[in-house]
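Subject: Structure handover

Hello,

Here is the structure I said I would pass on.

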Amino acid sequence: MLQVNNLHVHLDTPDGTVKAVDGVTFSIEAGETVGIVGESGSGKSVLAHSLMKLNPEPPAAYPEGDVYFNDRSVLKMNKKELRKLRGSDIAMIFQDPMSSLNPVFKIGKQLIEAIQAHRKRPKKEAREKAIELLRDVGIPDPEARIESYPHQFSGGMRQRVLIAMALASEPKLLIADEPTTALDVTIQAQVLELLKGIQKRYGAAIMIITHDLGVVAHLADRILVMYAGRLVESGSAEDIFYRTAMPYTWSLLRSIPSVGGGERLVPIDGQPPSLIDPPAGCSFEPRCPFATEACRHVDPDLKERGSGHEAACLLSFSEFESLKEGVVSS
Amino acid sequence: MLTYIIRRLLSVIPVMFVVSIIVFMIVHLTPGNPAFLILGEDSSPEAIADLEEQLGLNEPLYVQFFTWLSQVVTGDLGTSVYSEQAVTDLIFANFGPTFSLMALSMILLLSIAIPTAIAIVALRKTVLDPIFTSVSLFGVSIPDFWLAILLVLGFGVALPVFPVAGYIPLAEGFGGWLYHLLLPSFVLAIVEVGIIARMLRDSMLESVNQDYTKTARAKGIRERDVLVGHVFPNALIPTTTVLGATVAGLLGGTVIIETLFTIPGIGQLLIDSIHRRDYPVVQGVVLFIAAIYVLVNLLVDLLYTFLDPRIRYD
Amino acid sequence: MMFQKKTNVLALTMLVIIVLATITAQWWLPVSPSEIDPEQRLSAPSVDHWFGTDDFGRDVFARTVVAAQVSLAVGVLVAVFATLIGTVLGLVSGYFRKVDFVLMRIIDGFLAFPALLLALALVAALGGSLVNIIIALTLAFFPVMARVVRSAVLQVKNESYVEAARTTGAGHGVVIGRYVLPNVLSPIIVQTTFIFAKAILAEAALSFLGVGVDPSTPTWGSMLQEAQIYLTLAPWYSIFPGLAIVITVLALNLLGDGLRDAFDPHNIKRKRKVKTKAA
């Protein structure tokens, strides 16, 4: 349904051109849940915005590659086609629910605007649909709450409203950009639960972008790991967690609580590389505990490590397995 | 919200008290004897003594102030030494033209500034934006009276389309009223247009990449609707805070514009009274304008709280 | 820092030219500004009289150049005095909570008058002389400065370096002079520039209304007042002094805008880019 083909996104900044997305290829099938994981600054948000051509241009530019939705190029769409795509084919939930709702309008007005954006209907019908959507996302007493302003809602409730808004035109793909980052841990679980429920009821494909592997562990059919504007590993949740084939993913796993399984937390050393002048070899080489001389010169492509499991690393699967053993036992 | 409104209403009292002291002092700090100044150099000592008695000038200053203030509070601003009419009557007789002029310039101002700001933000990636910034700076650098002179030259002399003097009350017909006021209110408005349009543009540009704007774009609504429906209403709130200063600019400007276009408003009354050394009228008009300005600022503040639901429902 | 923007350089160049031209006027002007030529009354611009002549046949160009002396002097002095008074009051008000309430109510009282109106009333009471104009305009413009300085002080006051200075036992004078004042200088400088511009406009307006300086002293405003009578006969007499005001005030406003941008921490990154590109 959605295909991203060797996509490059450049951002023009005062310090130079940032290669925020540097040759990314993947696809999402109807009804699938895909997680994109990476540190902040890895380009995952820019990538997500590109799927709807939402990055402000300038500074953003798309020098190479393309995005196809049902075989139509998104990047070549005119304004009218883009408008049809946004909201009705692909909808998006943003990172910060506190600032993503317009503070001066009532929730109802903003929801109805989303409902009317692609199919005009009588006011009363739109209003009823808005109430129904609010009920679907678990807002208590939606008939009254529709008259409230955003600041009268808690963060979790606002995120529910934003999800309701995204569902207004029953999109085929829902992009959630760090949907739980700004929320309390207990609320995070509720929102994730809600997303799961929506998947069942609306049958939409979901793409979740997060820096937290824990968020996508139970939710995603497939996980893509992003580093310095590139995909460095992709596979099922089991592949990523138990058959890790790329040192970066492995470091990421060791840096988060509980998933690694009782081990001491190990932060990743160093900083992500500059995306203005990326290193010549593998972009993770400066921080990689297993880097060799070859890693400085060769930038590895994604290679198959198993059925549907790919990783970008010079180490073979078995070489990496034994190196990992060495670190864990020492 | 209610406590805020009450607090804001009460804050008017100390401000107006200070204002009345300043207005009082303006006349009484005059070097030399006010009675002497009013009557002129070759007046007899008896006449001066009489006037001093009449104006209560031989009392101590603070006694004079509180006597004056207690009269002001009851609406008595004294009597004109020139026409011997009550100052309040003079002010009300002259307020109509001034109010008409201000109201019309405010309408012109907003109906030019708002579409300009929206258009500039819509075309922010083109050269129009830097051009606008320069032009708006140019606007605040032009003396309003000089612009009025140029317009009189253009539309009164070279291409006589508009009358360059006089005033017709609204009661005598809307057409004549508007026809006579159009040029002066345009001059008054255009000087402030740059400030308001610039402020709106700046606030809109701040709002244009906010998260809620992204949400609106992601819904798939037209960019025009995003700008007019989401960006503009948010930019309007900070812009209302400068509306008070705009009214001050208009109030100051009317004094000159009324003189230039011979509109019989309180600005002209003030200038005439200054030339006639009619101090009770000068005092009364200045106090009246300051009171209007304090009232406008109060209304602007209340409007601000009303426009922003985050404050309204607090 | 402030020379990186072309407009800043342009504005400064304009101001320097205007100031130098008017100061040295007596040495380079081909015609004396006070030379009366009854034959040439209200003549249009020509090779001999670039801006035409006035009702006494005096050269409008020479008078416009010389008038800048008074107009600029009023602007500079008002800007300096309003800055001094406003800064002291703003510092005191922002720093000492106890006097803040009373001082700010007084400032609010002054701010309740449109600046031009306050100046007009004061000049009317004091009488129209150069000194009184400067006093009146200073009183009209210092409250804005006091407000600006006060809000800047309130921001700086809670910074850790000010708190640190206070805990080491430094006296209030030392803390204000060495820690607070240097950190509120940029808004002060920007505001001074704007007051300079506003004072020139206000002086012109007062002189135009006939309550300003003695009409025998040429200022741009008093020239425009005289010219108004001959508007239809000699439009150039009204146009050129006004243009002089526009150019001077525009240069000051450009400079103020440029300084504000240069001092704005949000813009420092952008400035760096300009520098690297130029290098």
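The notes below go through chain A, chain B and chain C in turn. Please keep in mind that this is a predicted model.

Chain A

Four strands of chain A make up an open sheet, in the order S2-S1-S4-S5, with antiparallel pairing. At its edges are strand S2 (16-28) and strand S5 (72-73), each of which pairs on one side only. Inside the sheet, strand S1 (residues 2-13) and strand S4 (residues 60-69) of chain A are joined by seven bridges in the antiparallel sense. One residue to look up is A:His10, whose bridge partner in S4(A) is A:Ala61.

Chain B

Chain B has 13 helices and zero strands. The chain has 314 residues, of which 43% count as buried. Of the contacts in chain B between residues at least 6 apart in sequence, 71% link residues at least 24 apart.

Chain C

Helix H8 (residues 172-208) and helix H10 (residues 235-263) of chain C pack with their axes 9 Å apart, at an angle of about 165 degrees. An angle over 145 degrees counts as roughly antiparallel, so H8(C) and H10(C) are roughly antiparallel to each other. The crossing of H8(C) past H10(C) is left-handed. By residue type, the contact of H8(C) with H10(C) comprises 14 nonpolar, five polar and one charged. Among those taking part are C:Ile189, C:Phe194 and C:Leu201 from H8(C), and C:Val249, C:Leu252 and C:Arg260 from H10(C).

Regards

Note on methods. Residues numbered from 1 in each chain as written. Chains lettered and ligands numbered in written order. Predicted model: local features only at pLDDT ≥ 70, side-chain atom pairs only at ≥ 80, totals over all residues. Pairing = 2+ DSSP bridges. Helix = DSSP H or I, 4+ residues; strand = E, 2+ residues; numbered from the N terminus. Axes fitted to C-alpha atoms, helices over the stretch in contact; angles between N-to-C directions. Parallel < 35°, antiparallel > 145°, perpendicular 65-115°, else oblique. Left-handed = near helix turned anticlockwise from the far one by under 90°. Contact = placed C-beta atoms within 7 Å. Nonpolar A, V, L, I, M, F, W, Y, C, P; charged D, E, K, R; others polar. Buried ≥ 20, exposed ≤ 12 C-beta atoms within 10 Å, placed from the backbone.
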